[in-house]
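Please look over the structure below. A short report on its parts follows.

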Amino acid sequence: MHISTDPWVWVAAILTLAIFTFLYKDNPLFKFAEHLFVGVATGYGLVIIYFNAFKPNLYQPLFVEHNLLYIIPFFFGILYFSAAIPKFSYMMRWPIALLLGIGSGLSIPLSFQTYIVEHTKSTILRFPYPNAALFINALILFIGVLTVLIYFYFSYPHKGAIGTISRIGIIFIMIGFGASFGYTVMARFSLLVGRIQFLLGQWLGIHTVM
Amino acid sequence: MRKFLIKLSKIERRYIYLTLFLALTLPLIFPPNFPQKMSPTVKSVFEFIDTLPPGSHVLLSADYDASVLPEVDPMYRAVLKHCILRGVVPIGMTLYPQGAVLALDAFKEAEEYLGARRDTDYVFLGYQAGFQAVILGIGENIKNVFPKDYFGTPIDSIPAMRGVNNYKDIALVISFSGSSVPVTWVIYAYSKYHQKVAAAVTAVSAADFYPYIQTGQFVGMLAGMKGAAEYEYAVRKIMKDEGIEKLPPAKAVKGMDANSIGHLLIMLFIIIGNLGYFASKRRK
């Protein structure tokens, strides 16, 4: 066991423990660590965006290289700040409209292809299958998609055959929820394990944890 | 017995936290060393990289921040080392402002343990703002999006980037993420440029991504700490087989030992909770 002598490891360890104090109850130590994290993350993000996005993509070409074409994005960017002046706040809609137009134009056909076309294609049963397992898998998928879609079809009362099919759909949805819950438990544990590994390994120097 | 079950199901949450903390800590101090069998979705990614000809390029996009570090970071490190061990050139980049420093640390680790050399064995481009614009831009010409690498070296003068212009020259894109960014890669890189894409994601979002494997939009997927542990285990095996004595920390493999014990405990809690509920219901 070799306790770390790195002051930054100590800072991180103390802040981690401060966050953990919330498990007992809300307290000023937790609040301090929480606010510090938000502040540092925002400040860090801002500096990175300034040097990696604003400076090379606008400041450098417009104000240093005098490429006048960049006046257009500069003008539309400035309009976002019109929200602060009530009289001119309507101007903020212009850059939003521009971005929405570009975004929609780019994403609608591709999103339709990604989410609808490809996913529908994969539910089609394509005979012959090389082995029984693949056929069973495709059949389960086919039945699952169909029954879940019928469960979400609300224009017809869920009675009789439709009611039975939609109940099968619920079973598939529940299995989906179960899988999501299992994965969520693993995800949350992993975050805690990561912190315990840091505290025991990097801070307290217990070598078996890493 | 019934009284005991009812009492147990109403136990204060702080005792549950303590039990959970011990269940996750003890396996880290006294590792049970559970075996890691590679699942099919991880195997697909592993075999894809394993069979690439040396000199091929793989784009590793570190689309994550510190909040998902324990799950996603070991994946990034393991895949990166695998590429270098097989002579495949990893191109590091990120769509997240915080991702650059985290990914850079992984490259430094590859330098330390595998002797990887910057600009020859790997390239690190760093961060570029604008998700869709960056992904679409790489499809046209990567040099327009990243004229210089993270260290300020012009892309044209980097030996490992010679002949790399767009997706046609990149064998695989892997998005390491704790959000829906891998789907953004599918929308703009796979659907538009037919670029092969794989995902390395947190467990909490993994269930949402399975349909993309079924459709073939993802080559494969590393899901959560389990996926990271499986890949890490396989890469460590390659390193041992190649006679590398100094091995990097096996954070995911050891973390998964603790995770498995914690999972069993949660299942036990659910059973006790339900038994207590039924016992109290019968009494009424």
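How many residues of chain B are in contact with chain A?

## The interface

In chain B, 41 residues are in contact with 38 residues of chain A. Contact here needs C-beta atoms, placed from the backbone, within 7 Å. On the side of chain B that touches chain A, α11(B) gives the largest share, 8 residues. That side divides into 22 nonpolar, 14 polar and 5 charged residues. Ala, Val, Leu, Ile, Met, Phe, Trp, Tyr, Cys and Pro count as nonpolar; Asp, Glu, Lys and Arg count as charged; the others, Gly among them, count as polar.

## Basis of the model

This is a predicted model: local features need pLDDT of at least 70, side-chain atom pairs count only at pLDDT 80 or more, and totals for chains, interfaces and linings use all residues. Residues are numbered from 1 along each chain as its sequence is written, while chains are lettered from A and ligands numbered from 1 in the order in which they are written.

## The sheet

Chain B holds an open sheet of 6 strands, with parallel pairing and the order β3-β2-β1-β4-β5-β6. β3 (123-127) and β6 (221-223) of chain B stand at the edges with a single partner strand each, so one side of each lacks a neighbour in the sheet. The twist averages 15° from one strand to the next. Helices (H or I, at least four residues) and strands (E, at least two) are DSSP runs, numbered from the N terminus. Strands pair if DSSP finds at least two bridges between them.

β1 (57-63) and β4 (172-177) of chain B pair over 6 bridges. Leu59(B) stands opposite Val173(B) in β4(B).

## Two domains

Chain B has domain 1 (1-30 + 259-282) and domain 2 (40-249), with bounds from an automatic or database domain assignment. Their centres, over C-alpha atoms, are 39 Å apart.

Technical notes: Axes fitted to C-alpha atoms, helices over the stretch in contact; angles between N-to-C directions. Contact = placed C-beta atoms within 7 Å.
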